[in-house]
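Student: Can we go through this model together? I'd like to start with how it was prepared.

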Amino acid sequence: MSKLQVSLYRYNPETDSAPYMQEFEVDTQGRDLMVLNLLELIKQDDTTVAYRRSCREGVCGSDGMNMNGTNGLACITPLSQVVKNNKLVLRPLPGLPVVRDLVVDMSLFYQQYERIQPYLKNDSPVPAIERLQSPEDRDKLDGLYECILCACCSTACPSFWWNPDKFVGPAGLLKSYRFLADSRDTATNERLSDLEDPFSVFRCRGIMNCVAVCPKGLNPTRAIGKIREMLLANAT
Amino acid sequence: MVTNITSFSRSGLSDWIIQRASAVVMAVYTVFLVGYVLFHPQLDYATWSGLFQQTWMRIFSVLAFVSLAAHAWVGLWTVTTDYIKPTCIRVATQSVIILAIFVFLVWGIQVLWGA
Amino acid sequence: MSNMRSMTFDAIIIGGGGAGLRAALELAKSGKNTAVLSKVFPTRSHTVSAQGGITCAIASADPNDDWRWHMYDTVKGGDYITDQDAAEYMCSEGPKAVFELEHMGLPFSRFDNGRIYQRPFGGQSKNFGEGGQAARTCAAADRTGHALLHTLYENNVKHDTTFLNEWYAIDLVKNANGDVVGCIAMDIETGEVVHIKSKATVLATGGSGRIYASTTNALINTGDGIGMALRAGVPIQDIEMWQFHPTGIHGAGVLVTEGCRGEGGYLINKDGERFMERYAPNAKDLAGRDVVARSMVMEILEGRGCGENGDHVYLKLDHLGEEVLSKRLPGIVELSKTFAHVDPAKEPIPVVPTCHYMMGGVATNIHGQAIGQDKDGNDYIINGLYACGEAACVSVHGANRLGGNSLLDLVVFGRAAGMFIESALNEGVDYLDARDSDVETAMQRINRWNESSGGESVADLKRELQSIMQNSFGVFREEKNMKDGVEKLAELRGRIAEAHLSDKSLAFNTARVEALELDNLMEVAEATAIAALERKESRGAHCRYDYPDRDDVNWLKHSMFFPGEKRVGQRDVNFAPKTMDKFEPKIRTY
């Protein structure tokens, strides 16, 4: 059985003046490993390879990376799903500054997340028990609250590439709609007025890369459409 | 909230509505013109010119021109803010675009109502 | 260390999971100069993997539910070495803490009346075990930990908590009096090592499941807090008590929530028999986790395991129907497809008991204050040091934690620690500053790695450690095998002390982090091994072939592992709840 050809993006700011691709041959012994397991094999031989990882089951969002051109989570992406012609190219998430190898600086991504005020706002007095919410209202949060902040979507979005400082991006907007859609949140108008400028929401051009890459199967484009509808309803 | 003074309306929502409304006007105008041509197989200059002598047609056409101008501005403004990062080059490009759109608009009105 | 940068906080919280974030929220609201130091961005902490829910008597599923029933289950579940004052505090304060989470925005699933959805979990009863199965676990589908962790992080953003994300705490700094006055930590991105001074240092570093080869735990669960505590001379309580979760996906180790059985799923052997009916006639598949895990291993050992090698059993869910699965257990469907290549709506999931939770930890009181023990066996407070969450042993879980109690533990005792530290800071805390030599002591370990020039690789040593633990300290334990394990660990310790860090670069050097983690794994593994060998009885998760019975005469006690002499002592279990009569130890059956 031939070994898997892996081409890995390498950059160490202390020693490399520019990033380069390093070739590895990995013997997977015919197993359909996850990409993360493959990286672990590589790291056993070359401990200098850097990547983030934590839960290894697709819920923490640490190991978002670009695998043969598509963003995804290394820990839940089997080789059989991405390897083409026995070749795998691994790169960091596009559009963000690289710290080292597959590790990117996610500050801009987190800033956009914080900007939409990602927390429930409710001015009414706190009841002695929980706030009630009908199952139907709760259902509206499905497909929204499950985001793991892996940044696969935002870093696959050309609008986010061009304006990461002004366009909230699919992850942040999904989160924003998670609160707009929550029957317990009372800050709808405030949230909407923070979003009506030409960049925050309206830079979305419906390219839908976000939907294509989301490892949790979420649909930020639909959420963005809903925000637009709410803005429209609010303004007319 | 992101503020940007070169956007006319400074509201993404207005821009968004303008772009969609203007697209509808242009679509209707296009369908009308294509239909008109199809229903007049022996179209000559007199018939064509006659159409544009009608006041309603002139108003319809001006509406289509204004829509085109607005649509072009919103679209090109977006393109320049996406791709041209140095401020001075972007503002210069945007100025040229505004001037061109203005010239085309005035020219169009002149053609319709002039002579 | 005059050239080393220092930072000063009123309180430093090490760990950004549920417990750390809940403590931080309390302190941020109070305006104290607090920082959370976490080796990963907080929402990547292991709390995010919790699935089934948070157990609490909020009286939603059953309007007559009583926190005392929950407390009874907790004490019984812990096989009576649960501290009853702590269980009383957790179960009675729990509803307040859960309602707070809901008010913060946690998207709990709901009943038709709009109240929080609760599902049955293992070991739950009504009326002190007399009233049948209870449904007491509050859930957000099967993503409760994710929902909880994100909600807590969101609210810390709201209250402007200071975060040192992707920083790694290396060791505690003690002053001349032995008070904990901060820590040494490394900014992973730059490699800079900084002295962090603080009047309160909170260990909220979670568990250490990675001492085992097969675990449901995240790769980051390396017992950093326990390692730091042990190196600082702090004794660790009940560390031999490791929970093996009945349903880890065979091969991958990924967790499948007990909520699956709560929703009506059950385990079958190769004959298709629902074998738990034999082992626990009343609670069946919802007996305590230790009981279910042992029963599964018995089935496998007696040749009724499933698969080619007969090394697992099946969790059957297909009879629940697609609707229940997609509504109540969507994450499980996803994980099964990814890691077991099985659609639970059609086929059963192959599962095997898998290391899941560390019941032991830094002994604390209900305020999170770390407790040491003097030569005469008396408790004393370790000044400046706090612990909460899995790293702490309050002890509410005793010898076996009940499902859904870990998330409650996090929020109740994270909150309690935050509140106590706030008042302690208000009253004024004054400890001696650390001397240069104190800082130097805390720097020894990282200096050792940085100066290493040869030796074995970290990855190989880690694998060896994990296999020793897996083979000698699993679900069933026995003297000879454990002695063998202890000896191997002693030998391994020597080799780890000589191991090599070949990559000395600064920027985001994950090899250095993994080397430092290996030291902590070693500390936890050794403490576990020695304490397990010493506890000569079977209780809760600690089950010995050679001492198959519970020994209340000699071992109705906490164990205390003292790192200096590597000695195991005992500490009294609290049997004095404040508002009610104690629960007397009874034979534990389900």
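Tutor: We take the conventions, then chain A, the interface, the cores, a helix and a sheet.

Student: What are the conventions?

Tutor: This is a predicted model, in which local features need pLDDT of at least 70, side-chain atom pairs count only at pLDDT 80 or more, and totals for chains, interfaces and linings use all residues. Residues are numbered from 1 along each chain as its sequence is written, chains are lettered from A and ligands numbered from 1 in the order in which they are written, and side-chain values use heavy atoms, with hydrogens and water left out.

Student: OK, chain A. How many helices and strands in its secondary structure?

Tutor: Nine helices and seven strands. These are DSSP runs numbered from the N terminus: helices are H or I with at least four residues, strands are E with at least two. The C-alpha atoms of chain A fill a box of roughly 65 × 35 × 30 Å along the principal axes.

Student: And what share of chain A is buried?

Tutor: Of its 236 residues, 59% are buried, meaning under 20% relative accessible area, against over 50% for exposed and in between for partly exposed, with a 1.4 Å probe and protein chains only.

Student: How many residues of chain C are in contact with chain A?

Tutor: 63 residues of chain C, touching 59 residues of chain A; contact means heavy atoms within 4.5 Å. The two chains bury about 4900 Å² between them, 51% of it on carbon and sulfur atoms. That area is the accessible area (1.4 Å probe) that two parts lose on being put together, summed over both.

Student: Which three residues of chain C supply more of that area than any other three?

Tutor: Arg44(C), His103(C) and Leu219(C), with 15% of what chain C buries against chain A.

Student: Switching to cores. Which residues touch the most other members in the largest one?

Tutor: Leu90(A), Ile227(A), Ile54(C), Val98(C), Leu267(C), Ile349(C) and Phe413(C), out of 182 residues. A nonpolar core here is a set of buried Ala, Val, Leu, Ile, Met, Phe, Trp, Tyr and Cys residues joined through side-chain atoms within 4.5 Å. Apart from it lies another core of 89 residues, including Val193(C) and Phe473(C).

Student: What is Ile54(C) in contact with?

Tutor: Leaving aside neighbours within four places in sequence, the list includes Val98(C), Phe108(C), Arg136(C), Leu148(C) and Leu407(C).

Student: Now chain B. How far does helix α4 reach?

Tutor: Helix α4(B), residues 87-113, reaches 39 Å from its first C-alpha to its last, close to the 39 Å expected for its 27 residues; the expected span is 1.5 Å times one less than the number of residues. Arg90(B), Gln94(B) and Ile97(B) are among its buried residues, and α3(B) (55-83) is included in what covers them.

Student: Last topic, the five-stranded open sheet in chain C. What order do the strands have?

Tutor: β18-β15-β10-β21-β22, with mixed pairing. Two strands pair if DSSP finds at least two bridges between them. The edge strands, each pairing on one side only, are β18(C) and β22(C).

Student: Is β21(C) mostly covered or exposed?

Tutor: Mostly covered, with five of its six residues buried. β21(C) pairs with β22(C) in the antiparallel sense over six bridges, and Ser559(C) has Gln570(C) as its partner. On the β10(C) side there are two antiparallel bridges, with Gln237(C) opposite Met560(C).

Student: What about the hairpin of β21(C) and β22(C)? Which residue takes a positive phi?

Tutor: Lys566(C), near 50°, in a hairpin with four residues between the strands.
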